[in-house]
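The sequence and the structure are shown first.

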Amino acid sequence: MGLGGCIILIAVGAILAFATDWEMEGVNLDLVGIILMIVGLIGVTTFSSIARRRRVVVPPSTPVVGEEGHHHRHRDGYSDGYGV
């Protein structure tokens with residue numbers, strides 16, 4: 001059941017619980033509406049927690065240069081052009 005189905009359950013439950021005055025023998029429509037609203041809320045929270053876990057972290061597109069890419073030279077003052 002998706003997020004839309006959960007919202008529909010909440011809406012139908014609210015309508016049954018608060019907006020109707022129907023009387024059915026052996027069925028308490030107020031209780032059925034409250035149960036539908038609770039099930040809808042549980043579905044929304046479950047759906048949102050699952051959707052949060054599905055997010056994929058994309059690695060950066062530029063490669064990260066590690067320490068092994070750097071070469072350290074010994075600077076003696078002559079090989080870098082300053083002592084010439």
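## Surface and overall fold

The chain exposes about 7,500 Å², of which carbon and sulfur atoms supply 63%; accessible areas come from the Shrake-Rupley method with a 1.4 Å probe, and for residues only the protein chains shown count as cover. This is a predicted model, in which local features need pLDDT of at least 70 and side-chain atom pairs count only at pLDDT 80 or more, while totals for chains, interfaces and linings use all residues. Residues are numbered from 1 along each chain as its sequence is written, and side-chain values use heavy atoms, with hydrogens and water left out.

The chain contains two helices and zero strands; helices (H or I, at least four residues) and strands (E, at least two) are DSSP runs, numbered from the N terminus. Of its 84 residues, 13% count as buried, a class set at under 20% relative accessible area, with exposed over 50% and partly exposed in between (1.4 Å probe, protein chains only). Among contacts with a separation of 6 or more, 44% join residues 24 or more positions apart, where contact means heavy atoms within 4.5 Å.

## Packing of the helices

Two packed helices are described by the angle between their axes and the distance between the axes. The axes of H1 (residues 3-19) and H2 come within 7 Å and cross at roughly 160 degrees; axes are lines fitted to C-alpha atoms, for helices over the stretch in contact, and angles run from 0 to 180 degrees between N-to-C directions. H1 and H2 are therefore roughly antiparallel to each other, the term for angles over 145 degrees. The residues of the contact of H1 with H2 divide into 18 nonpolar, four polar and one charged. In this grouping Ala, Val, Leu, Ile, Met, Phe, Trp, Tyr, Cys and Pro are nonpolar, Asp, Glu, Lys and Arg are charged, and the others, Gly among them, are polar.

## Individual residues

| Pair | Separation in sequence | C-alpha distance |
|---|---|---|
| Aspartate 30 and glycine 13 | 17 residues | 8.4 Å |
| Isoleucine 35 and glycine 13 | 22 residues | 7.2 Å |
| Leucine 9 and glycine 40 | 31 residues | 5.2 Å |

Aspartate 30 lies in helix H2 (residues 29-53) and counts as partly exposed because its relative accessibility is 37%. Leaving aside residues up to four places away in sequence, aspartate 30 touches Leu16 and Ala17. Isoleucine 35 is also placed in helix H2, and its relative accessible area of 45% makes it partly exposed.

Leucine 9 belongs to helix H1. Not counting residues up to four places away in sequence, leucine 9 touches Met1, Leu36, Met37, Val39 and Gly40.

Methods:
Angles under 35 degrees count as roughly parallel, over 145 as roughly antiparallel, 65 to 115 as roughly perpendicular and the rest as oblique.
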